[in-house]
Each structure stands twice: as structure tokens, then as C-alpha cells.
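I opened the notebook for a friendly look through this chain. Here is what I looked up, entry by entry.

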Amino acid sequence: MDRYLIETAHTAQDCQSLVDQVRASGYLFNFDWGCKSGVHCGWAIIEAESEAQARLAVPALVRSKARVIKLNKYDVDARSLHETG
Ligand SMILES: [Zn+2]
């Protein structure tokens, strides 16, 4: 399983229906939102087998424009970190 960041930018007009769709899909607990700060976007990090599967966690309302980003971590001892310093 890989980890994916889901970013669901939306308009203030879409906000309530988007949150309703996320709630209905069972992913509400996974999401954090910027809405009350005036940034209408929701973020979640989920585990999935593929980007396509991760995208299924995005409500249909914003699925086509949502960003789904496969995440990686760097080991603290990774040689690349020393080389970039
Ligand atoms: Zn919103």
C-alpha cells in the first residue's frame, strides 16, 4: 500500500454538498479542511493500491479537479540529504 495526499479545492458554493458527499462516502474522518479560514480546500492522506483507487475517495463533485499525490518519505540517513546540504 502506498500513501496518497488528496487535495480537494472547491468553491464556497460547493462546500456544504462536498462535505456531505465526503461524509456519505465514509472518509470524513480522514479529511482536514481550510474552509473556516477562507481556504476552501480539504486534505486527506489515505492508503491505497494506486492513484486511481485513491481518487475514489474523492467525491464525484470535485474528482476530476482534485489533486492526488503519491507520497514518499526520506530516511534520515539517506545519502541524498547529505548531498543536497
Ligand atoms: Zn469549503
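**Contacts and ground rules.** I count a contact when heavy atoms lie within 4.5 Å. With that in hand, I looked at contacts in the protein chain between residues at least 6 apart in sequence, and 66% of them join residues at least 24 apart. I note that this is a predicted model, where local features need pLDDT of at least 70, side-chain atom pairs count only at pLDDT 80 or more, and totals for chains, interfaces and linings use all residues. Residues are numbered from 1 along each chain as its sequence is written, and side-chain values use heavy atoms, with hydrogens and water left out.

**Fold.** I took helices (H or I, at least four residues) and strands (E, at least two) as DSSP runs, numbered from the N terminus. The protein chain has four strands and three helices, in the order β-α-β-β-α-β-α from the N terminus on. The C-alpha trace spans about 45 × 30 × 20 Å along its principal axes.

**Surface.** For accessible areas I used the Shrake-Rupley method with a 1.4 Å probe; for residues, only the protein chains shown count as cover. The protein chain exposes about 5900 Å², and carbon and sulfur atoms supply 52% of that. I call a residue buried under 20% relative accessible area, exposed over 50%, and partly exposed in between (1.4 Å probe, protein chains only). Buried residues make up 29% of the 85 residues.

**Thr 8.** Is Thr 8 buried or exposed? I found Thr 8 in strand β1, and it counts as buried because its relative accessibility is 1%. Leaving aside neighbours within four places in sequence, I list its contacts as Leu 18, Phe 31, Trp 33, His 40, Cys 41, Gly 42, Val 58, Val 62 and Ala 66. I also checked Ala 44, which is 36 residues from Thr 8 in sequence and 8.8 Å away in space, C-alpha to C-alpha.

**Charges.** I counted Lys and Arg as positive and Asp and Glu as negative, without His and the chain ends, and placed each charge at NZ of Lys, CZ of Arg, CG of Asp or CD of Glu. The mean positions of the 10 positive and 11 negative charges are 5 Å apart.

**Salt bridges.** How many salt bridges does a search of the whole structure find? I got four, taking a salt bridge as a side-chain nitrogen of Lys or Arg within 4 Å of a carboxyl oxygen of Asp or Glu.

- Lys 70 pairs with Asp 2, with the closest N and O atoms 3.5 Å apart. Lys 70 is exposed at 51%, while Asp 2 is partly exposed at 28%.
- Glu 7 meets Arg 67 at 3.0 Å, N to O. Glu 7 lies in strand β1 and Arg 67 in strand β4, so the pair ties together parts that are 60 residues apart in sequence. Arg 67 is partly exposed at 48%.
- Arg 55 bridges to Glu 51, with the closest N and O atoms 3.4 Å apart. Both lie in helix α2 (residues 51–55), four residues apart, about one turn of the helix. Arg 55 is partly exposed at 21%, and Glu 51 is partly exposed at 41%.
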